[in-house]
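Here are some notes to read beside the structure. They go point by point, and each point can be checked in the viewer.

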Amino acid sequence: MLPSYARLTSSSDFARTTKSGIRVTTDHFVGYLYLQPALTEIASAKAGLIISKAVGGSVQRHRLARKVRHALIPVISTLPANSLLVVRALKQGEKFEATEIERLVGKLNQRAEKFTVKP
C-alpha cells in the first residue's frame, strides 16, 4: 500500500497530470508524469492509478490496482520531488509484470531529465 503522503487523490491533480504531463506508453500501461514548479516546501512524489472497466470486472480491476500499487512502492522514491505520476491501465493490462512498472517509471525519469533546468 502506498503511504498516504504519496497518494494522488485530487481530481484536478489527475486532470493536470494526464493533460499536461510527460507521457510514456508500454505494452499494458500509459504513464504520465507532471513536474510541478519548485515549491517552497519540498514534498515527495505522488502517484495515482486509472483502471477502467475495459480491464475487466471489479475483482480483476482491484487485483490489478493492488499489484500496481505494490510495484510503485520501491520506484516512487526515484521520481523528482513534487512530481505527480498517474498510471493508466490499458484494456489488456490484466497481464501484469512488476518489471513493466519499473521500465515505465525509468522511461518517465529519462524524459523528465530533458525538462529539468540544470544549473
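Where is Ile76 found?

1. Ile76 is in the loop between H2 and E4. Please keep in mind throughout that this is a predicted model. Ile76 counts as buried, because its relative accessibility is 13% and the cut-off for buried is under 20%. Leaving aside neighbours within four places in sequence, Ile76 is in contact with Leu2, Ala6, Ala45, Lys46 and Ala47. Of these, Lys46 is 30 residues from Ile76 in sequence, and the two C-alpha atoms are 7.7 Å apart in space.

2. The loop between H2 and E4 also holds Asn82. Its phi is near 65 degrees, a positive value in a residue other than glycine. Is Asn82 buried or exposed? With a relative accessibility of 8%, Asn82 counts as buried.

3. Helix H3 covers residues 98-115, which is 18 residues.

4. Which residues of H3 are buried? They are Glu100, Ile101, Leu104, Val105, Leu108, Asn109 and Ala112. The cover over these buried residues includes two strands, E1 (22-25) and E2 (29-35). It also includes helix H2 (58-75) and strand E4 (83-89).

5. Two packed helices are described by the angle between their axes and the distance between the axes. For H2 and H3 the angle is about 45 degrees and the axes are 9 Å apart. The two helices are therefore oblique to each other, and their crossing is right-handed. On the H2 side the contact is made by Val68, Ala71, Leu72 and Val75. On the H3 side the contact residues are Ala98, Ile101, Glu102 and Val105. Sorted by class, this contact has seven nonpolar residues, no polar ones and one charged residue. Ile101 and Val105 of H3, which take part in this contact, are also among the buried residues of H3.

6. Lys107 is in helix H3 as well. How exposed is Lys107? Its relative accessible area is 38%, so Lys107 is partly exposed. Not counting residues up to four places away in sequence, Lys107 touches Val24, Thr25 and Thr26. Val24 and Lys107 are 83 residues apart along the chain, yet their C-alpha atoms are separated by 7.0 Å.

7. Lys91 sits in the loop between E4 and H3. With a relative accessible area of 59%, Lys91 is exposed, because exposed means over 50%. Which residues does Lys91 touch, not counting those up to four places away in sequence? The answer is Ala54 and Val55. Ala54 is 37 residues from Lys91 in sequence and 5.2 Å from it in space, C-alpha to C-alpha.

8. Ser10 belongs to the segment before helix H1 (11-20). Its relative accessibility is 28%, so Ser10 counts as partly exposed. Ser10 and Gly48 are separated by 38 residues in sequence and by 9.5 Å in space, C-alpha to C-alpha.

Conventions. Residues numbered from 1 in each chain as written. Predicted model: local features only at pLDDT ≥ 70, side-chain atom pairs only at ≥ 80, totals over all residues. Heavy atoms only, no water. Helix = DSSP H or I, 4+ residues; strand = E, 2+ residues; numbered from the N terminus. Expected span 1.5 Å × (residues − 1). Buried < 20%, exposed > 50% of the residue type's maximum accessible area, 1.4 Å probe, protein only. Contact = heavy atoms within 4.5 Å. Axes fitted to C-alpha atoms, helices over the stretch in contact; angles between N-to-C directions. Parallel < 35°, antiparallel > 145°, perpendicular 65-115°, else oblique. Left-handed = near helix turned anticlockwise from the far one by under 90°. Nonpolar A, V, L, I, M, F, W, Y, C, P; charged D, E, K, R; others polar.
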